[in-house]
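Subject: Structure handover

Hello,

I am passing this structure on to you. Please open it first; my notes on what was found follow below.

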Amino acid sequence: MIIGSVIRHYEKVSSTNDLASVMLRSDKPAEGTVITAAFQEGGRGQKGNSWESEPGKNLLMSVILYPLMIMPEEQFVISQMVSLAVCDLIRTETPHVRIKWPNDIYVRDDKIAGILIEHSIMGNAISSTVAGIGLNVNQTEFGSTLPNPVSLALVTGRKHDLSAVTGELIRLLDMRYAMVISGRTDELAEAYHKSLYRCGEWHRYSDRNGEFRGMIEGTGPGGLLMVRREKGTVTGYAFREIDYIP
Ligand code: BTN
């Protein structure tokens with residue numbers, strides 16, 4: 001077991017990702033060190049957003065990794081393995097779980113978990129990675145600024161044991177990371193493709209040129225999102241270059 005070899009729990013932190021970065025600067029924490037918190041005063045999301053979570057209700061976790069076997073240009077595999085582990089966990093409760101590219105976790109059309117992966121690159125290697133996961137577990141009311149949040153409790157209609165959910169996620173993360181270590185990245189890519197939200201369906205999107213109808217075909221080199229237009233052309237999008245229209 002690598003992920004979960006060390007587990008540190010805190011009642012209150014600014015952000016588990018920030019705490020992991022501080023630990024990485026001050027000493028070399030064991031690979032797989034897991035930091036969890038009951039509450040974050042400054043939880044961070046993607047695109048500079050904040051991540052709000054009621055105290056003690058949800059899973060707030062960061063994992064420290066040293067994925068030396070992955071080249072910086074292959075870093076999307078870390079996104080795939082973390083997304084898949086969260087998806088594996090939620091699939092035990094509902095079959096309607098999908099990964100919204102690159103790494104939001106959705107149940108039907110609502111977001112149940114967000115992932116914030118921060119790599120440190122040195123030369124031609126990833127020297128360390130902090131994988132932050134926020135999974136809504138027992139929160140049932142959310143601020144009006146969030147477009148479409150949902151939680152495990154709302155999906156299943158019952159309260160969940162947060163420490164059991166945390167333990168299970170650590171186990172699943174460790175299983176998926178073992179696939180990265182042993183080079184089973186094709187299997188990870190295939191599993192990610194099968195779980196990809198809106199894959200193979202026609203929906204509306206927008207990019208810098210405006211709105212269009214498109215079909216996600218999968219991911220391409222470097223994790224680009226490949227989207228086919230009705231006239232047949234396929235475009236590869238990087239993160240933030242495309243918006244999904246509900
Ligand atoms: C997103 O915007 O979807 C990503 C959200 C990531 C939130 C998690 S909660 C634990 C970890 N610590 C943080 O400050 N952020 C991540």
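Predicted model: local features only at pLDDT ≥ 70, side-chain atom pairs only at ≥ 80, totals over all residues.

Alanine 20 belongs to helix α1, and its relative accessibility is 0%, so alanine 20 counts as buried. Another residue to look at from here is methionine 61, which lies 41 residues from alanine 20 along the chain. The C-alpha atoms of the two are separated by 9.9 Å.

Helix α1 and its strands

Helix α1 covers residues 16–26 and carries the chain from β1 to β2. This β-α-β crossover is right-handed. Strand β1 is formed by residues 7–13, and its pairing with β2 is parallel, over six bridges. Within that pair, histidine 9 is found opposite threonine 36 of β2.

How much of β2 is buried? Strand β2 runs over residues 34–40, and six of its seven residues are buried, so the rest of the structure largely encloses β2. Strand β2 is also joined by three bridges to β3, residues 59–65, and here the two strands run antiparallel. Isoleucine 35 has serine 62 of β3 opposite.

Threonine 166

Threonine 166 sits in helix α4, which spans residues 162–181. Is threonine 166 buried or exposed? Its relative accessible area is 15%, and residues under 20% count as buried, so threonine 166 is buried. Setting aside neighbours within four places in sequence, threonine 166 makes contact with Thr36, Leu59 and Met61. Thr36 is the residue that histidine 9 stands opposite in β2.

Helices α2 and α5

Two packed helices are described by the angle between their axes and by the distance between those axes. Helix α2 (residues 76–91) packs on helix α5 (residues 185–194) at an angle of about 60 degrees, and the axes are 10 Å apart. That angle makes α2 oblique to α5. The crossing of the two helices is left-handed. On the α2 side, the contact is made by Phe76, Val77, Gln80, Met81, Ser83 and Leu84. Helix α5 contributes Thr185, Leu188, Ala189, Ala191 and Tyr192.

The five-stranded sheet

In what order do the five strands of the open sheet stand? The order is β11-β10-β9-β8-β12, with antiparallel pairing. Strand β11 (234–237) and strand β12 are at the edges and have a single partner strand each, so one side of each has no neighbour in the sheet.

Strand β8 (residues 202–207) and strand β9 (residues 210–219) run antiparallel and are joined by six bridges. Arginine 204 has arginine 213 as its bridge partner in β9. Serine 206 is bridged to glutamate 211 in β9, and in β12 the partner of serine 206 is aspartate 243. Strand β12 consists of residues 243–244 and pairs with β8 over two bridges, in the antiparallel sense.

Regards

Technical notes:
Residues numbered from 1 in each chain as written. Heavy atoms only, no water. Pairing = 2+ DSSP bridges. Helix = DSSP H or I, 4+ residues; strand = E, 2+ residues; numbered from the N terminus. Buried < 20%, exposed > 50% of the residue type's maximum accessible area, 1.4 Å probe, protein only. Right-handed = clockwise from strand over helix to strand, strands pointing away. Axes fitted to C-alpha atoms, helices over the stretch in contact; angles between N-to-C directions. Parallel < 35°, antiparallel > 145°, perpendicular 65-115°, else oblique. Left-handed = near helix turned anticlockwise from the far one by under 90°. Contact = heavy atoms within 4.5 Å.
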